[in-house]
Amino acid sequence: MRARYGVPLSLTAVGAAGLAYAAGFEVRSFRLRRVTVPVLPRGMRPLRVLQVSDIHMVRGQRKKQRWLQSLAGLRPDFVINTGDNLSDPEGVPEALDALGPLMEFPGAYVFGSNDYYGPKLRNPARYLIERAQGRHGLNGNAPAVGVVHNPWEELRDAFDTAGWVGLSNTRGRLKLEGIEIALTGLDDPHIKRDRYAEVAGGPESGADLSLAVVHAPYLRSLDAFTADGYPLILAGHTHGGQLCIPFYGALVTNCDIDTNRVKGLSTHTAAGNTSFLHVSAGCGTNRYTPVRFACPPEATLLTLTAKDHG
């Protein structure tokens, strides 16, 4: 009996320890990623952009609230929120409390599917199956039915009142002490709410810098932004893979981007143009899968600097 069950019991113990670490420690081990992106015109001072994403707020997540509040101490020039603020229909007050200090800074936002709809319990293995079959979200899958509708309008109204610029299939601008930032955003491609034709045309003249913002980094959106000549695209959605393999990386992205670009700074090329792409791994999880492994929750402070040439 000892020989028959020794290995399975050992594997079970290792698995249990990994689950305990993923659910009890890493999911609350918040980190700040720092990256430098050379996209500004020559002679322009550096800009510090704080990107927060995929908060997935659930009532009672006090440590996450305090950590998000503490990010105001970074004193960014502006904030970009790339969506999925909620994972609880009653989480709006706590999400706004967490973001309150950041809303004192200029900012802009797009929404993700979880801002509009509450999450549903699903087998995590389905992400692997859908990746193999090329199906993601509503892109290739049947429309969701019986879903919970989140009170996203309350988020929108609070962000707008604070002066943050909504970028759901529209353009907007931020003015920062003599510097003007033009922003172009899309609603969430994961649930087919993106309408690029409504914002097509590329960077705006007269702005010191133009940025593109979208929740889920689907290739059709990245291709469109890059072909139009945006120097930097900011996105979230992927959770960095959420459950990763040490020294290997992510297994899934929950969209059609490749796993090599599931988080962090990379590039994207389309129609002869190349854009920088930053994908945030986010700082939360779906309430039904509150675990992270080899992929700590994060926000990112991007320092935008002058281009090396041109």
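In this predicted model, the axes of helix 3 (residues 92–99) and helix 6 (residues 152–161) come within 10 Å and cross at roughly 25 degrees, where axes are lines fitted to C-alpha atoms over the stretch in contact and angles run from 0 to 180 degrees between N-to-C directions. Helix 3 is therefore roughly parallel to helix 6, a label for angles under 35 degrees. Helices here are DSSP runs of H or I with at least four residues, and strands are runs of E with at least two, numbered from the N terminus.

On the helix 3 side V92, A95, L96 and L99 meet E154, L155, A158 and F159 of helix 6, contact meaning heavy atoms within 4.5 Å. The residues of this contact divide into seven nonpolar, no polar and one charged.

Leaving aside residues up to four places away in sequence, L50 touches, among others, L32, L71, F78, L102 and L301.

Residues are numbered from 1 along each chain as its sequence is written, and side-chain values use heavy atoms, with hydrogens and water left out. Local features need pLDDT of at least 70 and side-chain atom pairs count only at pLDDT 80 or more, whereas totals for chains, interfaces and linings use all residues.

Definitions and conventions. Angles under 35 degrees count as roughly parallel, over 145 as roughly antiparallel, 65 to 115 as roughly perpendicular and the rest as oblique. Ala, Val, Leu, Ile, Met, Phe, Trp, Tyr, Cys and Pro count as nonpolar, Asp, Glu, Lys and Arg as charged, and the others, Gly among them, as polar.
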